[in-house]
Protein chains: 2
Amino acid sequence: MPANDESISLPTGASSAREVRQAARAGRLSGHTSGLASAHVQGNLVILPQAYAGDFLRFCQANPKPCPLLGVTEVGDPSLPALGEDIDLRSDLPRYRVWRGGELVDEPTDVRTLWRDDMVGFVIGCSFTFEHALLAEGIALRHVAQGRNVAMYRTGLQTVPAGPFSGPLVVSMRPLRAADAIRAVQITSRFPAVHGAPVHLGDPALIGIRDIGRPEYGDAVEVMPDELPVFWACGVTPQAALAAARLPLAITHAPGAMLVTDLPHHRLAAL
Amino acid sequence: MPANDESISLPTGASSAREVRQAARAGRLSGHTSGLASAHVQGNLVILPQAYAGDFLRFCQANPKPCPLLGVTEVGDPSLPALGEDIDLRSDLPRYRVWRGGELVDEPTDVRTLWRDDMVGFVIGCSFTFEHALLAEGIALRHVAQGRNVAMYRTGLQTVPAGPFSGPLVVSMRPLRAADAIRAVQITSRFPAVHGAPVHLGDPALIGIRDIGRPEYGDAVEVMPDELPVFWACGVTPQAALAAARLPLAITHAPGAMLVTDLPHHRLAAL
């Protein structure tokens, strides 16, 4: 994964979630959060005007595997105490993306000047938590070993639409041998708040993926002859639905620059 | 599955476990138990002289997926009250197999005359319970729909040996589409006492199965292009290990003629 800002030295893994957020808030961290405060849950961010928040909430509710909601703010309030006492969604992520009419117009490190009294923030679970659980179980993940982003694909499966939000299910893929794939189904089933069990395994064409060697997002990773590609619903799904909705204004995290919460991973385990 | 004795009319499914055992005990039932008392757990039977019971117990303990023990009798006592108040293992199964030196020598409907004061009975979980759970979830099983026995294969995977007991893992195979296979991993994981989660899915060659169209036991069943073969550890594994051990005397159930217990299937669910 890309290195963090060279100008700062955050202790990888050992740094507390709060330290990471404070570094982002102070402008000392503007890169990826992967590997930082690694015992803690990270989340995807979506900020929308209230006029679209109801439809987006319905979209998440109808598509819980790609869009598992970890938290939703009060209207106009950028705090989210359920995920961390001091969280300010306007400044605590290292980098943001600003979308107007579905077009990416800016990538600031702070969105205080764009926040309004009608804004609502959504934090959506991310796969770091279940990857942490898989690695803890001794299941090797090739993209992690190779320091790459996970491979992600648009599928032929459609989300359940809600208002202006619709589009294909986007999935992440991890190649695993069958016994590890079975164990991974068991482990990730315990984490419905971070995409849960896989949605598919085996032949990619059955879910409309034409070329496993050419992911639409992230980096390609080899699938060995004794492995199956295993596919999980991915948090890029709501990002893609958001872009397709062409709202006048929407704010998201920049890829890899997530909200680091105070929740330990195991807090999300259903069992 | 083969029809039951035509001379009797046991109400399929609705018959109580006790009625099935009493029909077997009275000689009115000598055929298969599949579909009888269908809400109740059925089990594989092994009866051994005490001299071999310790090793067999260790074999089961070391290989819990193919040999999940539901009950073990006291030495010389053919009852098993934990599985049914009135059970008499010498008479309550419709048909038995008697093995001497690893050779099948008889298939009686009763083994009262063979029972001795040093005999120990073992009841091992069978896949009917998890198939019941899969069907209840709406997952179709082709061999059930086609009225065939499930397809079973010797694999290249070896059991952990104990004393004279050793040999290959035998697996049963059910073809499922990927989403059903993932759901089946979740469902069968809840039932460790009846083989639990699959041991493999996908390419049969990876576990040493040369020809999926030629099962060593049971009936072949087609795997459609959009399906994966899903493999579970099978109770034929201990039967094969027992035959290979060539003991002076061993008694088992005849294929398909199981012990019907009083346990409702859900009693075995871990969660």
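First the term: a nonpolar core is a set of buried Ala, Val, Leu, Ile, Met, Phe, Trp, Tyr and Cys residues joined through C-beta atoms within 7 Å. Buried, in turn, stands for 20 or more other C-beta atoms within 10 Å of a residue's own; with 12 or fewer the residue is exposed, and in between it is partly exposed, the C-beta atoms being placed from the backbone.

Some housekeeping. This is a predicted model, in which local features need pLDDT of at least 70 and side-chain atom pairs count only at pLDDT 80 or more, while totals for chains, interfaces and linings use all residues. Residues are numbered from 1 along each chain as its sequence is written, and chains are lettered from A and ligands numbered from 1 in the order in which they are written.

How far does the predictor trust its own model? pLDDT is its confidence in each residue, from 0 to 100. For chain A the average is 94, and 95% of the residues score at least 70. For the complex, the predictor gives an ipTM of 0.85 and a pTM of 0.89. Residues 1–7 of chain A are another matter, with pLDDT under 50. Where pLDDT is low, the predicted coordinates should not be read in detail.

Now the core. Which residues touch the most other members of the largest nonpolar core? They are Val171(A) and Val171(B), in a core of 162 residues. At least three residues of this core come from each of domain 1 (17–125 + 243–264) and domain 2 (128–238) of chain A. Those bounds come from an automatic or database domain assignment.

Contact here is between residues whose C-beta atoms, placed from the backbone, lie within 7 Å.

Next, the two domains of chain A. Their C-alpha centres lie 22 Å apart. Their contact takes 21 residues from domain 1 and 24 residues from domain 2. On the domain 1 side, α2(A) gives the largest share, 6 residues. A word on labels: helices (H or I, at least four residues) and strands (E, at least two) are DSSP runs, numbered from the N terminus. By class, that side of domain 1 has 13 nonpolar, 5 polar and 3 charged residues. Nonpolar covers Ala, Val, Leu, Ile, Met, Phe, Trp, Tyr, Cys and Pro, charged covers Asp, Glu, Lys and Arg, and the others, Gly among them, are polar.

Between the chains, the contact takes 15 residues from chain A and 16 residues from chain B. On the chain A side, α5(A) gives the most, with 6 residues. That side has 10 nonpolar, 4 polar and 1 charged residues.

On to the strands of chain B. Strands pair if DSSP finds at least two bridges between them. An open sheet of 4 strands has the order β6-β7-β9-β8, with antiparallel pairing. Its edge strands are β6 (151–158) and β8, each pairing on one side only. β6(B) pairs with β7(B) (168–176) over 5 bridges, and Met152(B) stands opposite Ser172(B).

Elsewhere in chain B, β3 (96–100) pairs antiparallel with β10 (250–253) over 4 bridges, and Tyr96(B) stands opposite His253(B). β3(B) is also joined to β4(B) (103–106), again antiparallel, by 3 bridges. Trp99(B) stands opposite Leu104(B) there. The hairpin of these two strands has 2 residues between them, and Gly101(B) takes a positive phi near 60°.

Is helix α3(B) largely enclosed or open? Since 7 of its 9 residues are buried, α3(B) (128–136) is largely enclosed by the rest of the structure. Its buried residues pack against β1, β5 (119–125), α4 (142–145) and α5 of chain B. Just after the helix, Gly138(B) has a positive phi of about 90°.

Most residues other than glycine have a negative phi, and most peptide bonds are trans. Ala37(B), however, has a positive phi near 45°. Ala37(B) sits in the loop between α1 (17–25) and β1 (40–49) of chain B and is buried, with 23 other C-beta atoms within 10 Å. His195(B) has a positive phi near 85°. This histidine lies in the loop between α5 (178–189) and β8 (200–201) of chain B, and is buried too, with 27 other C-beta atoms within 10 Å.

Key:
Two residues are in contact if their C-beta atoms, placed from the backbone, lie within 7 Å. pLDDT is the predictor's confidence in each residue, from 0 to 100.
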